[in-house]
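Thank you all for coming. Today I would like to talk about salt bridges, and please keep the picture in view while I speak.

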Amino acid sequence: MNKRAAPRRKESKAEVEKVEAIRKGLLLASKWLSNSRTPVWARRHTPRGWASALTELAAHGWTAADLNDTIDAWANAQNMVPTPKHPIAFIRWLMKQQDLAFAPHVLAQIAADQEKAERERQSAAFEMERERYAWAAPEDSPGRQAARFVARRAADTARRRKVDTSARENAAQPVWITHLRDLGPQ
(Lines give C-alpha, C1' and ligand atoms only; values in the text may rest on other atoms or scores of the structure.)
Protein backbone atom coordinates (compact mmCIF):
# COMPACT_ATOMS: atom_id res chain seq x y z
CA MET A 1 0.00 0.00 0.00
CA ASN A 2 1.22 3.45 -0.85
CA LYS A 3 1.13 5.61 2.27
CA ARG A 4 1.88 9.13 1.24
CA ALA A 5 0.72 12.28 2.86
CA ALA A 6 -2.11 14.17 1.23
CA PRO A 7 -1.01 17.14 -0.82
CA ARG A 8 -1.19 20.36 1.16
CA ARG A 9 -0.79 22.79 -1.70
CA LYS A 10 -4.00 24.07 -3.22
CA GLU A 11 -4.22 24.60 -6.95
CA SER A 12 -3.71 28.19 -7.97
CA LYS A 13 -6.43 30.13 -9.75
CA ALA A 14 -4.29 30.28 -12.89
CA GLU A 15 -3.89 26.48 -12.93
CA VAL A 16 -7.63 25.98 -12.52
CA GLU A 17 -8.36 28.44 -15.36
CA LYS A 18 -5.81 26.75 -17.63
CA VAL A 19 -7.35 23.33 -17.04
CA GLU A 20 -10.83 24.75 -17.68
CA ALA A 21 -9.67 26.40 -20.93
CA ILE A 22 -8.12 23.14 -22.14
CA ARG A 23 -11.34 21.30 -21.23
CA LYS A 24 -13.34 23.76 -23.35
CA GLY A 25 -10.86 23.31 -26.23
CA LEU A 26 -11.25 19.53 -25.94
CA LEU A 27 -15.03 19.85 -25.99
CA LEU A 28 -14.91 22.08 -29.09
CA ALA A 29 -12.50 19.65 -30.78
CA SER A 30 -14.83 16.72 -30.06
CA LYS A 31 -17.85 18.54 -31.45
CA TRP A 32 -15.91 19.73 -34.48
CA LEU A 33 -14.54 16.29 -35.34
CA SER A 34 -18.00 14.73 -35.00
CA ASN A 35 -19.54 17.34 -37.34
CA SER A 36 -20.28 15.98 -40.82
CA ARG A 37 -18.95 19.17 -42.49
CA THR A 38 -15.52 18.87 -40.89
CA PRO A 39 -12.82 18.14 -43.50
CA VAL A 40 -11.38 14.63 -43.63
CA TRP A 41 -7.85 15.93 -43.05
CA ALA A 42 -8.89 17.24 -39.63
CA ARG A 43 -9.71 13.71 -38.48
CA ARG A 44 -6.04 12.67 -38.68
CA HIS A 45 -5.74 14.02 -35.14
CA THR A 46 -7.71 13.16 -32.04
CA PRO A 47 -9.70 15.69 -30.00
CA ARG A 48 -6.87 15.67 -27.48
CA GLY A 49 -4.44 16.63 -30.25
CA TRP A 50 -6.68 19.49 -31.35
CA ALA A 51 -7.52 20.75 -27.85
CA SER A 52 -4.57 23.10 -27.45
CA ALA A 53 -5.08 24.61 -30.92
CA LEU A 54 -8.79 25.25 -30.28
CA THR A 55 -8.55 26.46 -26.67
CA GLU A 56 -8.57 30.15 -27.52
CA LEU A 57 -11.43 29.71 -29.99
CA ALA A 58 -13.49 27.90 -27.37
CA ALA A 59 -12.80 30.70 -24.88
CA HIS A 60 -14.31 33.17 -27.38
CA GLY A 61 -17.43 31.05 -27.90
CA TRP A 62 -16.67 29.60 -31.33
CA THR A 63 -18.63 26.55 -32.48
CA ALA A 64 -17.86 23.64 -34.82
CA ALA A 65 -19.98 25.33 -37.49
CA ASP A 66 -17.91 28.52 -37.07
CA LEU A 67 -14.70 26.60 -37.70
CA ASN A 68 -16.14 24.94 -40.80
CA ASP A 69 -17.55 28.26 -42.06
CA THR A 70 -14.14 29.90 -41.65
CA ILE A 71 -12.40 27.06 -43.53
CA ASP A 72 -15.03 27.24 -46.28
CA ALA A 73 -14.69 31.03 -46.55
CA TRP A 74 -10.90 30.73 -46.85
CA ALA A 75 -11.25 27.97 -49.48
CA ASN A 76 -13.71 30.09 -51.50
CA ALA A 77 -11.48 33.18 -51.27
CA GLN A 78 -8.42 31.19 -52.38
CA ASN A 79 -10.43 29.20 -54.93
CA MET A 80 -8.88 25.97 -53.70
CA VAL A 81 -9.68 23.05 -51.44
CA PRO A 82 -7.41 23.02 -48.40
CA THR A 83 -5.35 19.85 -48.00
CA PRO A 84 -2.73 20.79 -45.41
CA LYS A 85 0.22 18.56 -44.55
CA HIS A 86 0.01 19.79 -40.97
CA PRO A 87 -3.66 20.38 -40.15
CA ILE A 88 -3.13 21.76 -36.63
CA ALA A 89 -0.56 24.28 -37.88
CA PHE A 90 -2.91 25.24 -40.73
CA ILE A 91 -5.81 25.89 -38.33
CA ARG A 92 -3.56 27.91 -35.99
CA TRP A 93 -2.38 29.99 -38.97
CA LEU A 94 -5.93 30.47 -40.27
CA MET A 95 -7.26 31.51 -36.86
CA LYS A 96 -4.49 34.09 -36.42
CA GLN A 97 -6.04 35.88 -39.39
CA GLN A 98 -9.50 35.99 -37.75
CA ASP A 99 -10.95 38.36 -35.19
CA LEU A 100 -11.72 35.75 -32.56
CA ALA A 101 -14.09 38.03 -30.68
CA PHE A 102 -16.51 37.90 -33.63
CA ALA A 103 -17.25 34.30 -34.54
CA PRO A 104 -19.12 33.79 -37.83
CA HIS A 105 -22.38 32.95 -36.03
CA VAL A 106 -22.12 36.20 -34.05
CA LEU A 107 -21.51 38.21 -37.22
CA ALA A 108 -24.47 36.51 -38.92
CA GLN A 109 -26.72 37.39 -35.96
CA ILE A 110 -25.52 41.02 -36.00
CA ALA A 111 -26.22 41.24 -39.75
CA ALA A 112 -29.70 39.74 -39.29
CA ASP A 113 -30.48 42.18 -36.47
CA GLN A 114 -29.31 45.11 -38.58
CA GLU A 115 -31.43 43.97 -41.54
CA LYS A 116 -34.48 43.64 -39.30
CA ALA A 117 -33.93 47.11 -37.82
CA GLU A 118 -33.52 48.60 -41.31
CA ARG A 119 -36.73 46.94 -42.55
CA GLU A 120 -38.62 48.25 -39.51
CA ARG A 121 -37.21 51.76 -40.09
CA GLN A 122 -38.22 51.68 -43.75
CA SER A 123 -41.68 50.39 -42.88
CA ALA A 124 -42.18 53.17 -40.31
CA ALA A 125 -41.01 55.80 -42.82
CA PHE A 126 -43.37 54.38 -45.43
CA GLU A 127 -46.29 54.47 -42.98
CA MET A 128 -45.53 58.10 -42.10
CA GLU A 129 -45.42 59.03 -45.79
CA ARG A 130 -48.71 57.21 -46.42
CA GLU A 131 -50.36 59.05 -43.50
CA ARG A 132 -49.07 62.37 -44.83
CA TYR A 133 -50.64 61.71 -48.22
CA ALA A 134 -53.88 60.50 -46.60
CA TRP A 135 -54.37 63.88 -44.88
CA ALA A 136 -53.35 66.01 -47.89
CA ALA A 137 -56.65 65.64 -49.78
CA PRO A 138 -59.93 67.38 -48.82
CA GLU A 139 -61.84 65.81 -45.92
CA ASP A 140 -64.62 64.13 -47.88
CA SER A 141 -62.75 63.28 -51.08
CA PRO A 142 -62.80 59.67 -52.32
CA GLY A 143 -58.99 59.70 -52.46
CA ARG A 144 -58.71 60.62 -48.78
CA GLN A 145 -61.25 57.99 -47.79
CA ALA A 146 -59.42 55.35 -49.84
CA ALA A 147 -56.08 56.42 -48.39
CA ARG A 148 -57.44 56.18 -44.84
CA PHE A 149 -58.82 52.72 -45.59
CA VAL A 150 -55.49 51.55 -47.03
CA ALA A 151 -53.57 53.10 -44.12
CA ARG A 152 -55.79 51.35 -41.57
CA ARG A 153 -55.52 48.04 -43.40
CA ALA A 154 -51.72 48.38 -43.67
CA ALA A 155 -51.46 49.23 -39.97
CA ASP A 156 -53.62 46.21 -39.09
CA THR A 157 -51.51 43.96 -41.32
CA ALA A 158 -48.28 45.27 -39.78
CA ARG A 159 -49.67 44.77 -36.29
CA ARG A 160 -50.74 41.19 -37.12
CA ARG A 161 -47.36 40.45 -38.71
CA LYS A 162 -45.57 41.76 -35.62
CA VAL A 163 -47.74 39.65 -33.31
CA ASP A 164 -47.19 36.55 -35.47
CA THR A 165 -43.42 37.11 -35.56
CA SER A 166 -43.33 37.59 -31.81
CA ALA A 167 -45.39 34.43 -31.29
CA ARG A 168 -43.05 32.41 -33.54
CA GLU A 169 -39.97 33.73 -31.71
CA ASN A 170 -41.51 32.94 -28.33
CA ALA A 171 -42.51 29.45 -29.45
CA ALA A 172 -38.94 28.77 -30.60
CA GLN A 173 -37.42 29.67 -27.24
CA PRO A 174 -37.37 27.07 -24.45
CA VAL A 175 -39.48 27.82 -21.42
CA TRP A 176 -38.14 26.88 -18.02
CA ILE A 177 -40.64 26.28 -15.24
CA THR A 178 -39.24 27.88 -12.13
CA HIS A 179 -42.20 27.30 -9.86
CA LEU A 180 -45.62 25.71 -9.81
CA ARG A 181 -48.76 27.61 -8.92
CA ASP A 182 -50.79 26.53 -5.97
CA LEU A 183 -53.99 25.23 -7.49
CA GLY A 184 -55.92 25.50 -4.25
CA PRO A 185 -57.04 22.83 -1.80
CA GLN A 186 -56.79 19.28 -3.00
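Let me begin with a definition: buried means under 20% relative accessible area, exposed means over 50%, and partly exposed is what lies in between, taken with a 1.4 Å probe and protein chains only. At 40% relative accessibility, Arg37 therefore counts as partly exposed.

A word on the source: this is a predicted model, in which local features need pLDDT of at least 70 and side-chain atom pairs count only at pLDDT 80 or more, while totals for chains, interfaces and linings use all residues. Residues are numbered from 1 along each chain as its sequence is written, and side-chain values use heavy atoms, with hydrogens and water left out.

A salt bridge here is a side-chain nitrogen of Lys or Arg within 4 Å of a carboxyl oxygen of Asp or Glu, and a search of the whole structure finds six of them.

What does Arg37 form with Asp69? The two form a salt bridge, with their closest N and O atoms 2.8 Å apart. Arg37 lies in the loop between α1 (13–34) and α2 (47–59), whereas Asp69 lies in helix α3 (residues 64–78), so this pair ties together parts that are 32 residues apart in sequence.

How values were computed. Helix = DSSP H or I, 4+ residues; strand = E, 2+ residues; numbered from the N terminus.
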